[in-house]
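Please keep the sequence and the model in view while reading.

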Amino acid sequence: MKAMGVVFSNIYDSSLGELTNYRTVSSLPFGGRYRQIDFVLSNMSNSGIYNIGLITKYNYRSLMDHLGSCTEWDLNRKNEGLVILPPFASGHTGVYKGKLEALYSAVSFIDNSNYDYVVVSDSTVLCNINLRDAIEQHVASGVDVTAVCNKEKADGKKHPLILNANSKGNATSLLIDSEAEKGSLVGMGMFIFGREMLVAAIKECYAKGYVHLERDFIQRAFNEKRIKVGTYKFDGVVLRNEDIKSYYHNNMKLLDEKVRKGLFLKDAPIYTKVRDEIPTYYGKGSKVCDCLLADGCTLQGNAKRSIMFRGVTVGEGAEVQESIVMQGTKIGKGAKLKCVILDKNVTVSDGAVLIGTPEHPVIVKKGETV
């Protein structure tokens, strides 16, 4: 039983606004030192999936710089490893309208492989999951497609895929862009297919002009009783970075020890690009409370309930509260920040005041000075 992986790097770029102007959503920094792509690649590597295709279309320079030779994820291999699938590989240079269209650009990569199963995954849903268990359940159940999912509170929020299942775990209904109800399961953007079936479905759907994987293939074929859909319920921590608001709140959730321990497991590490930095320096007058700080920072001011990436500088008298500060940002003396997302290499002038709210954080784009 051998499985390969296919990961989407760009599908949800538009929903993250200014944060994905110059990068793919998969290379978006998260949690002080990681990129979103780190989680899905680590999950696959830890699960013994070493042949992975990464579908991308534009703004992937940052992504390639982060991945490098893929040594950190044990994907620098002679016969397997990570293969980046850019649009010019298939002659498609436009924006992918959906996952099926993106998969069509990778159909030769999938078809030419000698693997029995394919794990297809988004890069916006962050978790630490053992995919081997999901694959084993998929094989034993005999279904055509297995959707990895979890339970969420019925909070009135719409999700891309909602499933209801019987006692055997087989789906009894599939809803697209719908609200979770009590007892229903929420799709995590991960699916397990038989390789030959997936290739045939991609070619057939593309020929008919279908572009959306969940709506145009899985739901349509399920309703027509052409395929059986199974569910694999995941009970661990799941963070969905679907928009600016969720991205901000999910970063803040890492300040909760239970969330951190549920996401960063001792026996299944989340790998990322190694950068050798000096330890963070805390100035004599600095005060830091309930923060998550990477190495290489210099803090002369105060910080409370904030996430800071590598190489951040906070000047004397500055106050940083409930904010996300990305790599290389410099915050001037006496600056006041609350509920702010500062992208990489931002310069905040002395005495500047930036105040947002948890529902609408202030965003400063990469390299800007305020």
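## Aromatic pairs

Y104 is partly exposed, with a relative accessible area of 34%; buried means under 20% relative accessible area, exposed over 50% and partly exposed in between, with a 1.4 Å probe and protein chains only. This is a predicted model, in which local features need pLDDT of at least 70 and side-chain atom pairs count only at pLDDT 80 or more, while totals for chains, interfaces and linings use all residues. Residues are numbered from 1 along each chain as its sequence is written, and side-chain values use heavy atoms, with hydrogens and water left out.

The structure holds eight aromatic pairs. Rings of Phe, Tyr and Trp (its six-membered ring) pair if their centres lie within 6.5 Å; planes under 30 degrees apart count as stacked, over 60 as edge-to-face and the rest as tilted. Y104 and Y206 form a stacked pair, at 3.7 Å centre to centre and with 5° between the planes. Y104 belongs to helix α3 (residues 99–105) and Y206 to helix α6 (residues 195–207), so this pair ties together parts that are 102 residues apart in sequence. Helices (H or I, at least four residues) and strands (E, at least two) are DSSP runs, numbered from the N terminus. Y206 also counts as partly exposed, at 32% relative accessibility. Elsewhere, ring pairs link F30, Y34, F39, Y247 and F264 into a cluster.

## Helix α1

Helix α1 (residues 36–46) is mostly covered, with ten of its eleven residues buried. F39, a member of the ring cluster, is among these buried residues. Others include the charged D38 and the polar Q36, S42, N43 and S45. After α1 comes G48, whose phi is positive, near 80°.

## Strands

Strands β4 (residues 51–55) and β5 (residues 81–85) run parallel and are joined by five bridges. Two strands pair if DSSP finds at least two bridges between them. Within this pairing, L54 has I84 in β5 as its bridge partner. Together with helix α2 (residues 61–67), β4 and β5 make a right-handed β-α-β unit. A crossover is right-handed if, with the strands pointing away from the viewer, the path from the first strand over the helix to the second runs clockwise.

Inside the order, β19 (residues 307–308) and β22 (residues 324–325) run parallel and are joined by two bridges. M308 stands opposite V325 in β22.

## The largest pocket

The largest pocket has a volume of about 430 Å³. Of its 14 lining residues, E152, D155, K157, N250 and K253 are the closest to the centre. On a 1 Å grid over the protein atoms alone, a pocket is an open set of points with protein on both sides within 12 Å along at least five of seven lines, whereas a cavity is a set of points where a 1.4 Å probe fits but cannot get out; lining residues have an atom within 4 Å of a point. Grid points are joined across faces, edges and corners, and a volume is the space filled by probe spheres set on the points.

Helix α8 (244–253) and strand β13 (239–240) each supply at least two residues of this lining. The most comes from α8, with five residues. By class, the lining divides into eight charged, four polar and two nonpolar residues. Here Ala, Val, Leu, Ile, Met, Phe, Trp, Tyr, Cys and Pro count as nonpolar, Asp, Glu, Lys and Arg as charged, and the others, Gly among them, as polar.

## Cavities

There are three cavities of 30 Å³ or more.

E18, L19, Y22, R23, S62, D343 and K366 form its lining, which has four charged, two nonpolar and one polar residue.

Most residues other than glycine have a negative phi. D177, in strand β10 (residues 171–179), has a positive phi of about 50°. C339 likewise has a positive phi, near 55°. C339 lies in the loop between β24 (336–338) and β25 (340–342), and is buried, with a relative accessible area of 2%.
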